Amino acid sequence: MTEHLDQPPHRPAGIVTRAIAAVIDLGVVLAIIGMTYLGLALVRLLYSPQNFRFPEPAFLASATVTLTVSVVYLTGCWVTTGRTVGAVAMGLRVVTAKGRLLRLPRAAVRAVLCVLFAVGLLWAAVDPRRRSLQDIVLQTRVVYDWRKESSELIG
């Protein structure tokens, strides 16, 4: 689905809006991990109720799961609609420089860079075009877009 060319161009999102969206997304990731943990605890309880104890995950395992869930969540959202839960709440969308949805390889690399090098997102505060380092390297943009549907082309 394409937008009409006479619609106004989408403005780049500012650092405050992007930061609020990121905090919301962090909450979503933590909720997913928490529900997974509770699900594992429930399975453990059903399997052996007499010997039940809550799982005590190791730090390395917890960190690995958190990073993996974060990357999968961001990648999936950006490939399908260009929007995470935080982006929907703040009216944002991640698109290519040409305004198209990201394809899987670019979305995955962007997700890895955003998760492992989150400080690069702060560059949007000083860049005149409001781009993070990840946006500059991968030629992506985060724009204001309040439409519900995803489209292949944004103004």
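Biologist: Why is R130 called partly exposed?

Modeller: R130 has 33% relative accessibility. Buried means under 20% relative accessible area, exposed over 50%, and partly exposed in between, with a 1.4 Å probe and protein chains only. So R130, at 33%, counts as partly exposed. By the way, this is a predicted model, where local features need pLDDT of at least 70, side-chain atom pairs count only at pLDDT 80 or more, and totals for chains, interfaces and linings use all residues. Residues are numbered from 1 along each chain as its sequence is written, and side-chain values use heavy atoms, with hydrogens and water left out.

Biologist: Where is R130 found, and what is its phi?

Modeller: R130 is in the loop between α4 and α5 (133–138). Its phi is positive, about 60 degrees, although R130 is not a glycine. Most residues other than glycine have a negative phi. Q139 is not a glycine either, and has a positive phi of about 55 degrees. You'll find Q139 in the loop between α5 and β2 (140–144).

Biologist: What makes Q139 count as exposed?

Modeller: Its relative accessibility is 51%. Exposed needs over 50%, so Q139 qualifies.

Biologist: How do you know that S70 is buried?

Modeller: S70 has a relative accessible area of 12%. That is under 20%, so S70 is buried. S70 sits in helix α2 and touches V29 and V115, not counting residues up to four places away in sequence. Contact here means heavy atoms within 4.5 Å.

Biologist: Why are α2 and α4 called oblique to each other?

Modeller: They pack at an angle of about 140 degrees, with their axes 8 Å apart. Axes are lines fitted to C-alpha atoms, for helices over the stretch in contact, and angles run from 0 to 180 degrees between N-to-C directions. Under 35 degrees counts as roughly parallel, over 145 as roughly antiparallel, 65 to 115 as roughly perpendicular, and the rest as oblique. An angle of about 140 degrees falls in the rest, so the two helices are oblique. Helices (H or I, at least four residues) and strands (E, at least two) are DSSP runs, numbered from the N terminus.

Biologist: Which residue has its charged end over the ring of W78, and what makes that count?

Modeller: R110 does, with its charged end 4.7 Å from the ring centre. A charge sits over a ring if NZ of Lys or CZ of Arg is within 6 Å of the ring centre and within 35 degrees of the ring normal. W78 in α2 and R110 in α4 are also among the residues where these helices meet.

Biologist: Why is the pair of Y37 and F54 called stacked?

Modeller: Their ring centres are 6.4 Å apart and their planes are at 15 degrees. Rings of Phe, Tyr and Trp (its six-membered ring) pair if their centres lie within 6.5 Å; planes under 30 degrees apart count as stacked, over 60 as edge-to-face and the rest as tilted. So Y37 and F54 are a pair, and a stacked one. This pair links distant parts of the chain: Y37 is in helix α1 (residues 15–47) and F54 in the loop between α1 and α2 (59–80), 17 residues apart.

Biologist: What makes the pair of F52 and F54 edge-to-face?

Modeller: The centres are 5.0 Å apart, with 70 degrees between the planes. That angle is over 60, so edge-to-face it is. Y37, F52 and F54 form one aromatic cluster.
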